[in-house]
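I opened my notebook to write down, entry by entry, what I looked up and what I found. I wanted each note to be something that can be checked against the picture.

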Amino acid sequence: MKLFDVYPINDITITRAKGSYLWDNAGQQYLDMYGGHAVISIGHTHPHFVSRITHQLNQVAFYSNSIRIPLQQELADKLGEVSGKNEFQLFLCNSGAEANENAMKLASFYNGRKKIIAFSKSFHGRTSLAVAVTDNPAIVAPVNQTENVVFLPFNDESALENYFDAKGDEVAAVIIEGIQGVGGINIASDSFLQKIRSLCTAHNTIFIADSVQCGYGRTGSFFSHDQAEVQADIYSMAKGMGNGFPVAGILIAPFLKPKHGMLGTTFGGNHLACAAALAVLEVIEEEKLMENAKSTGEYLISKLMKIDGLKNVRGKGLMIGFDLEINLKDLRKNLLNNQQVFTGEAKPSIIRLLPSLALRRKEAEEFLESLEEEIQNMVSSPNLVNQA
């Protein structure tokens, strides 16, 4: 049987990982500045994470949501404490797409409406409704297309106001990433998020803060949206929530009332997932990783801004992006092949940095040295691209 070939794959096989480092099957060490799409929040194979999951695996790995699972309430209590959203309710699921899917369903259940406002360059997932609000026609199948979604320009307050003036009473929800990840590290302005909040309040529309990539402490706040001093109605979470174990969820404002059967999942909130998520929150709190993300991110951004060839350096905490001059278009590939550094990308020519929130200053410096060395190599030997 063949694997269904949908991923462009680097010819690397990782066999071991610890902290911010990876090792392949030949023993080569790599610096991980991408965290497998912002998933590794507390560092690879953190001992507390491993211990928590191992202990739980020896007790019970899974049973369905038809029985009481005390770990779910333990997770809700810790999540409320660390996020500052104690008054919210928690629904657990498995992936960011599923979290956003349920958030939009819940909004529509609440106000009985169908229209969803999303924004240019958005990415919210690949399930049916999540991909319908994703601004990438290449991954939207005909069956996913719907007239219920409208895309407005990102950070355009006038366009948002005009749409609400015309059709505000038809809008079930507005969904927005506090910082667009796949779209290229585009930061929603404070005033734009505040405008969304005021318009949603005025029209009884649900404000969904997609925090799948920009949440869970990555920006130095638990949710990046918090930095605009607004409160959303639903927050979606995944990625760094489980440090590699599949777990996701939505935080739901208290005025949104549950009823039996309105949402559901087989695997969401299982024993192992809760153990993994609790371990992540315990490490974030104990090791002050949000503070580290903020300070290390500020250091990286300040240094990146001084490097020739990098344009429009932006980000918050350890969610950082920069554009490349045309002569550096192969920089990401060269960083991996020549410097053994994993980074991410966004089209057309953007590098994304999404390392562990536990990234140390010396590891940030190691990355900067490798980056400057590779840029110098590419400028002095512009036709040299290592294809290994």
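Predicted model: local features only at pLDDT ≥ 70, side-chain atom pairs only at ≥ 80, totals over all residues.

**Entry 1: helix 6**

I began by asking which residues of helix 6 are buried. For this helix, which covers residues 157-167, I noted Ala159, Leu160, Tyr163 and Phe164. Looking down the axis of helix 6, I saw that these buried residues fall within an arc of 130°, so they line one face of the helix.

I then looked for what covers the buried residues, and my list includes strand 5 (115-119), strand 6 (149-152), strand 7 (171-177) and helix 7 (190-203). At the start of helix 6, I also noted that a side-chain oxygen of Asp156 comes to within 3.2 Å of the backbone nitrogen of Ser158.

Next I traced an open sheet of four strands, whose order is 1-2-3-15 and whose pairing is mixed. Strand 1 (14-18) and strand 15 (341-342) stand at the edges with a single partner strand each, so one side of each is left without a neighbour in the sheet. Strand 3, residues 29-32, pairs with strand 15 in the parallel sense over two bridges, and here I found Leu31 opposite Val341. Helix 11 (residues 361-380) packs on this sheet, where it touches strand 2 (21-24), strand 3 and strand 15, and its direction makes about 105° with that of strand 3.

**Entry 2: a hairpin**

I turned to strand 13 (residues 310-316) and strand 14 (residues 319-324), which pair in the antiparallel sense over five bridges. Within this pair, Lys311 stands opposite Asp323. The two strands form a hairpin with two residues between them, and in the turn I noted that Gly317 has a positive phi of about 55°.

**Entry 3: the cysteines**

How many disulfides does the structure hold? I counted zero. Cys200 is in no disulfide, and the nearest cysteine sulfur, that of Cys214, is 16 Å away. For Cys214, the closest cysteine sulfur is in Cys93, at 16 Å, which is too far for a bond.

Methods: Residues numbered from 1 in each chain as written. Heavy atoms only, no water. Buried < 20%, exposed > 50% of the residue type's maximum accessible area, 1.4 Å probe, protein only. Arc of directions from axis to C-beta. Contact = heavy atoms within 4.5 Å. Polar contact = N/O pair within 3.5 Å; in protein donor to acceptor, adjacent residues only side chain to side chain. Pairing = 2+ DSSP bridges. Axes fitted to C-alpha atoms, helices over the stretch in contact; angles between N-to-C directions. Disulfide = S-S within 2.5 Å.
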